[in-house]
Amino acid sequence: MATAVLGEVERFRGLLATAGYAWTRPRGAVLHVLVAAPTPLKVEEVHDRVARWPGGRGINLSSVYRTVNLLHGLRLVRRVQLGDGPQRYELAEDFRGHHHHFVCEACGRIEDVHQCPLEGTDLGAGVRSHYLELFGICHACAGETEGHVGV
Ligand SMILES: [Zn+2]
Ligand SMILES: [Zn+2]
Ligand SMILES: [Zn+2]
């Protein structure tokens, strides 16, 4: 995993440089965390993981907020709103691919859903993108532990 993460982080370093932004410790730490995270994270969760990362000690929450906002503004990171929950962030679709999220209302677990129900649907002129989040009970919570992977 480490090698793939480092390769992708290097790619972001290049994108930031192209956009005229220096490679600072908070930017590096936040990108390491977001590249490695399988599901969208709250800013507090990004901060927790940054603090556990060797290069991230001493980076405070407001610095993580600023960094996430900068990356969001540069469209490297997208904001994910799941129901009434807090805003979460993950790498933008250009990097993660188009997908949706399934949220288990019992345990709160979030899973990526790569099958798009709207793919191939004509939504009318001008529709360029869409958000669709799914809610329900995951298989583990439903007691279905045999033979199921994902949602
Ligand atoms: Zn996702
Ligand atoms: Zn569940
Ligand atoms: Zn879709």
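Predicted model: local features only at pLDDT ≥ 70, side-chain atom pairs only at ≥ 80, totals over all residues.

User: Which residues of the largest nonpolar core touch the most other members?

Analyst: In soluble globular proteins, nonpolar side chains tend to be buried together. Here the largest nonpolar core has 25 residues, and those touching the most other members are Phe 12, Val 30, Val 46, Val 50, Val 64, Leu 71 and Leu 91. Two or more residues each are given to this core by helix H1 (2-18), helix H2 (25-36), helix H3 (43-52), helix H4 (61-73) and strand S3 (87-91). H2 supplies the largest share, six residues.

User: What does Val 30 touch, leaving aside residues up to four places away in sequence?

Analyst: Val 30 touches Val 46, Val 50, Val 64, Thr 67, Val 68 and Leu 71.

User: Which residues of H3 are buried, and why do they line one face of the helix?

Analyst: An α-helix has 3.6 residues a turn, so residues three or four places apart point the same way. In H3 the buried residues are Val 43, Val 46, His 47 and Val 50. Viewed down the axis of H3, they fall within an arc of 100°, and therefore they line one face of the helix. The buried residues of H3 pack against H2, strand S1 (41-42), H4 and S3.

User: Which atoms coordinate the zinc ion (ligand 3), and is the arrangement tetrahedral or irregular?

Analyst: To read a metal site, one lists the donors and then examines the angles. The zinc ion (ligand 3) is coordinated at 2.0 to 2.2 Å by His 98 (NE2), His 100 (NE2), Cys 116 (SG) and His 130 (NE2). The arrangement is tetrahedral because the four donor atoms subtend angles of 100 to 114°. The spacing of the donor residues in sequence is H-x1-H-x15-C-x13-H. His 100 lies in strand S4 (residues 100-104) and Cys 116 in the loop between strand S5 (110-113) and strand S6 (133-136), so this pair ties together parts that are 16 residues apart in sequence. His 100 counts as buried because its relative accessibility is 1%; Cys 116 is also buried, with a relative accessible area of 11%.

User: Which residues coordinate the zinc ion (ligand 1), and is the arrangement tetrahedral or irregular?

Analyst: The donors of the zinc ion (ligand 1) are Glu 90 (OE), Glu 90 (OE), His 99 (NE2) and His 101 (NE2), at 2.0 to 2.7 Å. The four donor atoms subtend angles of 51 to 121°, which makes the arrangement irregular. In sequence, the donor residues are spaced E-x8-H-x1-H. Both His 99 and His 101 are buried.

Terms used: Residues numbered from 1 in each chain as written. Chains lettered and ligands numbered in written order. Heavy atoms only, no water. Core = buried A, V, L, I, M, F, W, Y, C linked by side-chain atoms within 4.5 Å. Buried < 20%, exposed > 50% of the residue type's maximum accessible area, 1.4 Å probe, protein only. Helix = DSSP H or I, 4+ residues; strand = E, 2+ residues; numbered from the N terminus. Contact = heavy atoms within 4.5 Å. Donors = N, O, S within 2.8 Å, 3.2 Å for Na, K, Ca; no water. Tetrahedral: all angles 85-135°; square planar, octahedral: opposite > 155°, others 65-115°. Arc of directions from axis to C-beta.
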